[in-house]
Amino acid sequence: HKPEYGLIGLGTMGAALALNIAEKGNKIAVYNRTTKVTDEFIAASGALRDQLVATASLKDFVAAIQAPRKIILMVPAGPIVDAQIEALVPLLDADDLIIDAGNAHYADTNRRFKEAETAAYNFLGIGVSGGEEGARHGPSIMVGGAQSDWEAVAPVLRAISAKYEDTPCAEHMGAGGAGHYVKMVHNGIEYADMQMIAEAYAVFRDGLGWTSTQVAEAFEQWNTGPLASYLVEISGKVSRATDPVTGKAMLDVILDQAGQKGTGRWTAIEAQMLGVPVPVIEAAVAARNLSAKRDTRIQGAERFGSPLQPLTSDDITPEMLEKALTAGKILCYAQGFEMLDAASRHFEWSLPMSNIARVWREGCIIRSDMLGDMAEALDKSSSQNLIFSAPFCDMLMDCESALRATVLAATKAGIPVPALAAGLSWFDTMRTARTPANMIQAQRDFFGAHGFKRLDDVDAPHGPWAAQ
Ligand code: NDP
C-alpha cells in the first residue's frame with residue numbers, strides 16, 4: 001500500500017524527521033531538490049529502508065502518496081516555502097494537507113492559511129524543536145491550524161514526539177500561526193537561557209579566573225539541582241571538551257561571535273508589538289548582536305582599556321551564581337509566559353498555557369525539570385504571572401539576594417551580565433509600588449500637554465507649566 005505521509009527537504013531536520021516517522025511504523029515518501037541527497041539518505045537508512053519511498057520528481061512524489069495526502073515541508077523558512085507550496089498545489093487533490101514544519105514566522109503562516117482557504121488543500125503550521133537529535137528520536141511539536149487537521153495527524157505526531165511521563169510533547173496550540181508563534185517564543189526563551197548560562201561562564205572565567213574544566217564541574221553540579229536542564233547539561237559537556245587539533249580547551253579556541261537565524265529577534269519585536277516587556281530576551285538578542293561586532297569591541301578594548309577586575313570568593317561563589325541563574329530563569333520564563341498569555345488574548349487563540357510548559361518539558365532545546373513545576377503552576381493559574389505562583393514566589397525570595405550580589409559583583413569586575421541584570425531590573429520594577437513614571441507623565445504634559453492622572457481627587461489634569 002502507498003504511504004499516507006510524504007516529506008520534502010531531506011536536510012538536517014527533514015532526514016531525521018523522516019527516519020523518526022518511518023521508525024514508528026509509517027511508510028513515508030521522500031523528495032529532495034537535489035536527488036543525490038535522496039540517494040545518500042536512502043543508502044544510509046539501514047533497516048528503515050523498506051518504510052521509505054524515494055522519489056526523484058515532485059510529480060512522482062505526489063503520485064507515490066495515498067490521498068488524502070499529508071505532506072511535510074522541511075525546507076528553509078521564507079520564500080522557499082511559498083515556492084514549494086506553489087509547485088506542489090497543482091499536483092494535489094482536494095483535502096490533501098500541507099504541513100510546514102520549518103521555522104516560519106507566524107505571520108507568514110497566517111498568510112499561508114488565508115491562501116489555503118481559497119484553494120483546495122488544507123494547511124498546518126507546526127513548530128518543531130530539539131535540533132537534529134530531537135527530530136530523529138523525539139522532538140517537541142507545537143501545532144497550529146484547524147482542529148480537524150490536527151486530529152488527522154495527531155497519532156503520528158504524538159508517536160514521533162518526545163514524551164513527558166508518557167504524555168506526548170506534541171500539542172495543538174490553536175488556529176493559524178499559533179504553533180509557529182509558540183515556537184518563536186520558545187526560541188526567544190532559548191536565546192535568554194543560553195545567554196544567562198554564558199554570563200555565569202563569564203563570571204567564572206573572567207571574574208574568578210576559572211579554567212574550562214572547573215566551569216564544567218560547576219555546570220555538572222548544577223545539572224543535579226533546580227537548574228537541571230538540557231542547556232546546562234550541554235554547557236558542562238562543551239566546557240569539558242578538548243580541541244583535537246590543539247589540545248586546548250575547546251571553548252578557548254572558539255570565536256566569540258554568536259550566530260542567529262532571527263527567531264529571538266522576532267520574539268523581541270512581537271513582544272514590543274503586544275506591549276509586553278520581555279527584557280531578558282531582548283538583552284539576549286542584543287548580546288548576540290553585540291558579539292558580532294568583534295572589530296569594534298577590540299577597538300574599544302584598545303581605546304578605553306579592558307574593564308576587567310578579578311573577583312574573589314568573597315564577591316561571588318558558585319552557589320550564589322547557581323541561585324542567580326535560578327532567579328534569572330524564573331524571571332525569563334515569567335516574561336515569556338506573560339507574552340504568550342497576551343498573544344493568546346490578542347489573537348484569540350486560547351493557548352493551552354500549562355500544556356505549552358509540558359510540550360517544552362521534554363524534546364526541545366529548553367527542556368528542563370523546572371518546566372514541570374511551571375506546568376503545575378500554570379494549571380492553577382494560567383493568567384497570573386509565574387512570579388506570584390508557588391513554588392516560584394518562594395524560590396525568587398530565596399534567590400533574589402544572590403542575583404543582586406551577582407549583578408553587583410559582575411558590574412564591579414567589569415563583566416557584562418545584560419540578561420541577568422535585565423531580569424533583576426524587571427523584578428525590582430515588579431515590586432515597586434511607586435515607580436518614577438510620574439516624572440515621565442510630567443515631562444509629557446510639559447512638552448505635549450498630554451495630561452496626567454493624580455494620586456488624589458483634585459481635578460487638575462495639567463501641571464502649572466501649562467500656564468507659563
Ligand atoms: P538544511 O539546510 O539542513 O536543509 C534544507 C533542505 O531544504 C534541504 O533538503 C534542501 O535541499 C532544501 N532546500 C533548500 N533550498 C531549497 C529550494 N530553494 N527549493 C527546494 N528545496 C530547498 O536545513 P534544516 O534541516 O536545518 O532546516 C529546515 C527547517 O527546519 C528550517 O526552517 C529551520 O529553521 C528549521 N529548524 C531547524 C532546526 C535545526 O536544528 N537545524 C531546528 C528546528 C527547526 P538541497 O539538498 O537540494 O539543498
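Student: Why are helix 8 and helix 12 called roughly perpendicular to each other?

Tutor: This is a predicted model, and in it the two helices pack at an angle of about 70 degrees. Angles from 65 to 115 degrees count as roughly perpendicular. Helix 8 and helix 12 are therefore roughly perpendicular to each other. Their axes are 8 Å apart.

Student: Which residues make the contact between helix 8 and helix 12?

Tutor: Helix 8 brings Gly188, Ile189, Tyr191, Ala192 and Gln195. Helix 12 brings Val280, Ile281, Ala283, Ala284, Val285, Ala287 and Arg288.

Student: How do the residues of that contact divide into nonpolar, polar and charged?

Tutor: Nine are nonpolar, two are polar and one is charged. Arg counts as charged, and Arg288 is part of the contact.

Student: Which residues does UniProt list for "active site"?

Tutor: The unreviewed UniProt entry lists Lys183 and Glu190. Lys183 is in helix 8. Glu190 is in helix 8 as well.

Student: What makes Lys183 count as buried or exposed?

Tutor: Count the other C-beta atoms within 10 Å. Lys183 has 30. The cut-off for buried is 20 or more. Lys183 is therefore buried.

Student: And what makes Glu190 count as buried or exposed?

Tutor: Glu190 has 22 other C-beta atoms within 10 Å.

Student: Where do the domains of the chain run?

Tutor: The domain assignment gives domain 1 as 5–176, domain 2 as 184–430 and domain 3 as 442–467. The centres of domain 1 and domain 3, taken over C-alpha atoms, are 58 Å apart.

Student: What does UniProt list for residues 179–466?

Tutor: The unreviewed entry lists "domain: 6-phosphogluconate dehydrogenase C-terminal" there. That span is 64% helix and 0% strand. Its end C-alpha atoms lie 50 Å apart.

Student: Which buried residues does helix 10 have?

Tutor: Tyr230, Leu231, Val232, Ser235, Gly236 and Ser239 are buried. The buried residues of helix 10 pack against helix 8 and helix 9.

Student: Arg240 is also in helix 10. Is Arg240 buried, exposed or partly exposed, and what makes it so?

Tutor: Arg240 has 17 other C-beta atoms within 10 Å. Buried needs 20 or more, and exposed needs 12 or fewer. Arg240 falls in between, so Arg240 is partly exposed.

Student: Where does Arg240 sit relative to Thr211?

Tutor: The two are 29 residues apart in sequence. In space they are 9.7 Å apart, C-alpha to C-alpha. Beyond four places in sequence, Arg240 touches Thr213 and Ala216.

Student: What sets Glu165 and Ala449 apart in their backbone?

Tutor: Most residues other than glycine have a negative phi. Glu165 is not a glycine, yet its phi is positive, about 45 degrees. Ala449 has a phi near 50 degrees, also a positive value in a residue other than glycine. Glu165 lies in the loop between strand 8 and strand 9. Ala449 is in the segment after helix 19.

Student: What does His462 touch?

Tutor: Beyond four places in sequence, His462 is in contact with Asp445, Ala449 and Gly451. His462 and Asp445 are 17 residues apart in sequence, but 6.6 Å apart in space, C-alpha to C-alpha. His462 has 13 other C-beta atoms within 10 Å, so His462 is partly exposed.

Key. Residues numbered from 1 in each chain as written. Predicted model: local features only at pLDDT ≥ 70, side-chain atom pairs only at ≥ 80, totals over all residues. Axes fitted to C-alpha atoms, helices over the stretch in contact; angles between N-to-C directions. Helix = DSSP H or I, 4+ residues; strand = E, 2+ residues; numbered from the N terminus. Parallel < 35°, antiparallel > 145°, perpendicular 65-115°, else oblique. Contact = placed C-beta atoms within 7 Å. UniProt positions renumbered as here; feature names shortened; annotations may be inferred. Domains from an automatic or database assignment.
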